[in-house]
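Hi,

Here is the structure we discussed handing over. My notes follow below it.

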Amino acid sequence: LDALVSAACGATGQRCMALSVAVMVGESQEWIPEIVQRASQLTVGPGHTDVDIGPVVSRANKERIEQLIDEGVKGGASLLLDGRNPKVAPEYEGGNWVGPTILDNVTLDNPAYTNEIFGPVLVIVRADTLDDAIKMMNENPYGNGCAIFT
């Protein structure tokens, strides 16, 4: 589970192979509360300090990430962990900060799924069977950033 959280939030989720979508199959859906717990322990702040998540690349990217989180929730996703406006040291409050965020019960037509967020946001899609999950993966244009957990 630590690897899953790290893959989603490491490098502030701003890498080509960041894990942006986790397709939770069957009983693996029981892991979701622990994934949220582990992600909630990540710290946000400047890279020269002992933190887990640094700033996103620009103010425009921060605003785009926050907009996609909003659109994801409006599209029916459950916001399990909200990384907007994370707590950072007072002298850094004006930075481009987005903390770990987890959206659950995301549908395949939700903007959080149909757009690459490119930030520390884990989108959780649920599947009943491995065949259903594989079908989702094959239909996802960003399949290289998805993972199936069984």
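How many salt bridges does a search of the whole structure find? The search finds 7, a salt bridge being a side-chain nitrogen of Lys or Arg within 4 Å of a carboxyl oxygen of Asp or Glu.

Before the details: this is a predicted model, where local features need pLDDT of at least 70, side-chain atom pairs count only at pLDDT 80 or more, and totals for chains, interfaces and linings use all residues. Residues are numbered from 1 along each chain as its sequence is written, and side-chain values use heavy atoms, with hydrogens and water left out.

Asp104 sits in strand 3 (residues 101-104) and Arg126 in strand 4 (residues 121-127), so the pair ties together parts 22 residues apart in sequence. Strands are DSSP runs of E, at least two residues, and helices runs of H or I, at least four, both numbered from the N terminus. Asp104 is buried, at 3% relative accessible area. Arg126 is partly exposed, at 33%. Buried means under 20%, exposed over 50%, partly exposed in between (1.4 Å probe, protein chains only).

Helix 3 (residues 59-74) holds both Glu66 and Lys62, 4 residues apart. Their salt bridge has its closest N and O atoms 2.9 Å apart. Both residues are buried.

In helix 2 (residues 32-40), Glu34 and Arg38 are also 4 residues apart. Their side chains meet in a salt bridge at 2.4 Å, N to O.

Helix 5 (residues 130-139) buries Ala133, Met136 and Met137. Its face turned away from the buried side carries exposed Asp131, Lys135, Asn138 and Glu139.

Best wishes
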